[in-house]
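Q: Please take a close look at a single part of this model, starting from one residue and its surroundings. Then set it beside other parts of the fold.

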Amino acid sequence: MSNTKIPPANGLKILHALANEDVENRPASTTTENIGFEQTEAPSSTELPKCVQASNSALKSDLVKLPADLESSSLTSGDRGASSSIVSTVASSKPSTVNPAIVQPASETIGGEDADDGSDASTLVLQSTTTSLSGSISIVTEDSDGSNVSSDGLTPKKPGSVDSDATKPIVGSHRNDSPSDVNKLDVNSLGVIGRNQEISILRRCFQRLLSSDDENDSCDKQSVSQNELVFISGFSGIGKSTLAQSLQPDVASIGGIYVEGKYAFSSIDEPYSGVAQAFGDLCSKFKSCAPEVISSIGKTIRDSMHEEANMLMELIPELCIFQHSEDATTSTYYSGANAAENDHELWKFAFRMLTRILGSRFYPIVIVLDDLQWADISSLDILDCLISDVENPRPLMIIGCYRSNEVDENSMLFNRIRTLQEKCTKFGFRITDIELQNFDPDVVNKMIMTVLSSDIKSINNESKTRDLAEVCYKRTLGNPFFVIEFIKMLCTKGLLETRSGQWVWNVKQIEDETISAGNVTDLLQAPMRKLPHDMQLLLQYAACLGPSFTFSTLKFVWKNHAILILESADPDVAGILHVLEEANLLVTSRPGELEWVHDKVQGAALSLSDLVTPWFQFGLGVCLYEGLSESRLEKQLFAVVDLINKGNMTERFDLAALNLRAAKKARKMAAFQSGERYVANGIRQLPEDEMWTTSRYLTLELYSLGAEMNVTLGNIGAAEKYIRVVLDRKEYSPMETMQLRMMNVNILESVELRPADAVSYAVQTLRDIGYDFVRSKKLSPAEVLAVVMKTGKRLEKLPVDHFEKAGYMEDERQIGIVNMLSRLQIAAYNGSDIFFSFLCVCKVIELTVDHGIYVLSAASFASLGAATMITKNDHALSLHLCNIAFSIQKRFGIRNAAETIHISWGFVLCIVHPLYEALNPMLEGYSKGMREGDTKRATFNLLVRYMFLPYIMGRPLGSILNKLEKIEPQLEESKQTKVLLQLRVCWQMMINLQLRPSEAAKKLEGEKYSQSSDSFAGVPSKVATENLATGELLLFFSDHAARTKLLMGKEKGNSYTEQLKGYFVGRIETFHRGIAWFAMARQTGDRKFRSEAIKIKKQISKWSEAGDPNVKHYDLMLTAELAALDKKYDYADKMYKQAISHAVGNDHLHHAALFHERFAEYRLQMRNDRYDAMRHMDQAIWYYTEWGAVGKAEQLKNVVQKW
């Protein structure tokens, strides 16, 4: 390769396209070619595109060294006459026909736009054919001088005439002429021999799936669906796919849908390839449905998914059958403001929703994913999310097939299977493993008896084929695929043949003339090498195009690339493909598209000669890149770029840009591993001496994208290298590197848990771009509060409709500043610098008012509402700011909606409105967050909806715990540590509240959470959340001494309220601290307890007076406690009764119980009224029991007995 020449990069586009298609830059002298018999002259060198002309001689002389059997480029009759058992035509009276699906692709064009009507302008003229009795086929070819010769290559023939014992050609000039008996083998009747046990297991899984659905129909709709996941493993050729297909009749018999998707080694970087194929097949199944059904499904998809449907349609074109024509140009997928990690969640949500919608119409759905060992990580994530979807009302069955010898403990699939095994119980799905072994000699014998029983006397005696079976077993070790190919090879060599209707063979001769078939490639290649030269070449081109390819693409490269190798290459691609399909090498998968019958066949074709070198693949990729229309290039982008990258040893800006394009597409599909590889290839293709000058922006994009995807993948070291390389250069301004600097802030704050350093870095970055909003020193809290008040007053004068009409922020610098400020605000808040966080919010709002609204503006207005509530307790202004936030949010749809909803309700609206009004909005926030891919805020909303709100409202513990069981899978799947920490801690707390009070029950140790473990070490909110839960346990278990000791000790300054300032949960925590202080003040008379109690009483009174409807009974209760402490007994009696009445009236079971308990103790200790005390204690016991704190109720019963 050292003396090879690189084809010029900038030539005319190779656009010699398919028949009857318009082509750019087509020379006027070029003749349009029709698919069929009519041949046109090969384009002359002057008619070829310049890039082809320039590289033609180089390719032929240096780059492509043809193997010996491909040296001749002209196809003579002698070439055609070579015996080829793999393409032999069996003697028959039936005429051969061409598969019309090959000849008439549905909507394939090259160099132009796709056809809309699904038709192809070209037509094929077939000649009727008959075969001779001997099975020998004569071929009519055209000699180099244009004269016709017969099949012996010697006798001139007139055009159109044939030999006396021959027929007219099948297609073009390709006919089978071998007299071997390959086509008499009855391979298709084999079915699934020797797998009875495995079939039984597979069917049992399927029956369980159906039974699970019956149970769901008869039980609570919240029941977890019992999805079925089956893994079929074994060596290549062992029959994994065949076993999976054995279930297809069972599925069809009950009206279900069975679909398949397949992965390929050659497409290992193509994201979602197998999943997309399976879902494309699934959508195609609906074409036969009534129009009203399709319309109904389409409406459901649009209502449920919106932009996600358009996003999926790019990956699964078949989804368009559900789209109305008027919707074709509606909104498209947008990911501009989202973090990269959110996009992955968005794809998972989209696939889940599509599966639920389609599954609601047809059931059951069985999805088979073949060759999972080559699946990308994004596909494995989709498999994971579909099988663990506990909200899918219809159980799903997924069958995954993989090669066990290619999966070890270091592979992605191995680790994913292990993860699935660990989570299957929690997520309610079953896993079944089926490992296939090679056949023993007896099964091999049954195979042979079956394949040798076609069109001749059936073989029904096992002893007749025993000796042949034994030698086949020795040569193949019982691998089913190898056995079939070995038998075919015996027929090809004449070692197995029919005589007088009987199969005959000589075992000794077979043993002498054959070797072990451990390498099936040799078996497959042997008959391939007997094919005519152009067939061999076409096979290799097809193999380069991947596991499947379109007829039009193959024809294009045949016309525009193969001409560099064989100037007289037969243009009749359809004819060649027909013969190859009859030879069971290729199969039509859908109109205009073919696929290999087995990846081993593709591999054998790929290595058929030394033609397919990396440079050859590079040239083929460039040919497609320069020749495909823009729409076709976009559809085949990954395949084209992969071909180029396999052999590219050049430095070309256009190919670097092409890799960037592929990386962006992979990024949009959340296929970060594939995208990162495209980025790396793109960087390698940049000329080192010019990458920082001529193509500085291209270089910056590649490095920025590489850093982003590595951060998302968790490869922080690699991401930092990308960032450091660019930031160390002086060619870029701070504004140009803003995205990389943002990533540095994110790494410091979220990964390395250094929020203070993140704040410093972000502030310095803003200064570097000329935005010094803090000047030389940090502002004091008083100065920040002044800024908050000033901003609030400015907004108080602006009506909500002002922002409904405001323009959008468009200036890139302002957008960059807003993005950094928003990141800075989060870092400051997580670093407990709440006032600096407020300042950042005010600055974002100033920029919004002055320069237009942005996607992050809504959350900033909500945050200012929170700041106003925290600092001024101003309900009216806070509510006004939240209303502005919602009006802005409405203009941006679901983007950032989960955050806006969570902040607005968590810090303002749960204080302004009754808590029950937050239930539906929180569920809406979860739904919108999941649709956007924002799992962090979405899961926070879900946790608030099903845990915090019901607990604060005093709902029964049992019902809360049941809901937590159901939402746990979603929260676990999100992997959001802060959410999981709060779930686990509070879940364990509520479990303990059901126990009898004891020292063990007061500790957060149990099945759901262990305070002594390091499972959540380093999570900022860990201490605060544990303090919240411990305080609840000590309060309701009446250990007020231990509670106040903690408050004066290690919890001082670390209470939940102090750590999460302003969050609505802090209000009940503050109230419960007040109860503990009052209890100890009454018990000990110590003034320090009284002082702390009164502080809290004043704070809660302020909240109540400001209009918080949820703390009214808190204020009444603490007023009663203070009156009792001051010995104002009559007033205390009145306040206790009012507090109890208010708690009971709002169904706050826990507070009704607690208030009765405290009132009973007061009546006994302070008023010496045992009867009234027992009456209220009985009420406390009843409410504790209703709440679910049965252990506490039992304890109080014992207390009452002692009274």
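A: In this predicted model, S246 counts as buried because its relative accessibility is 13%, and the cut-off for buried is under 20%. S246 sits in the loop between α5 (240-245) and α6 (248-253). The side chain of S246 reaches back to the backbone oxygen of L243, at 2.4 Å. Leaving out residues up to four places away in sequence, S246 touches V192, I199, L202 and R203.

One of these residues, I199, belongs to a core of 22 residues that also includes L209, L210 and I232. That core lies apart from the largest nonpolar core, which has 339 residues. Within the largest core, F351 and F1064 have the most contacts. Helix α39 (residues 935-952) gives the most to it, with 11 residues. Beyond its neighbours within four places in sequence, F1064 is in contact with V944, F948, L949 and I952, and also with G906, C910, I911 and L915.

Another part to set beside these is helix α48, residues 1129-1145. Its 17 residues reach 24 Å from first C-alpha to last, close to the 24 Å expected at 1.5 Å a residue. The buried residues in α48 are A1132, D1133, M1135, Y1136, A1139, I1140 and A1143. They pack against α45 (1065-1084), α47 (1112-1125), α49 (1149-1165) and α50 (1170-1187). Just after α48, D1147 takes a positive phi of about 60 degrees.

Methods
Residues are numbered from 1 along each chain as its sequence is written. This is a predicted model: local features need pLDDT of at least 70, side-chain atom pairs count only at pLDDT 80 or more; totals for chains, interfaces and linings use all residues. Side-chain values use heavy atoms; hydrogens and water are left out. A nonpolar core is a set of buried Ala, Val, Leu, Ile, Met, Phe, Trp, Tyr and Cys residues joined through side-chain atoms within 4.5 Å. Buried means under 20% relative accessible area, exposed over 50%, partly exposed in between (1.4 Å probe, protein chains only). Helices (H or I, at least four residues) and strands (E, at least two) are DSSP runs, numbered from the N terminus. Contact means heavy atoms within 4.5 Å. A polar contact is a pair of N or O atoms within 3.5 Å; within protein, one must be able to donate a hydrogen and the other to accept it, and residues adjacent in sequence count only if both atoms are side-chain atoms. The expected span of a helix is 1.5 Å times one less than its number of residues.
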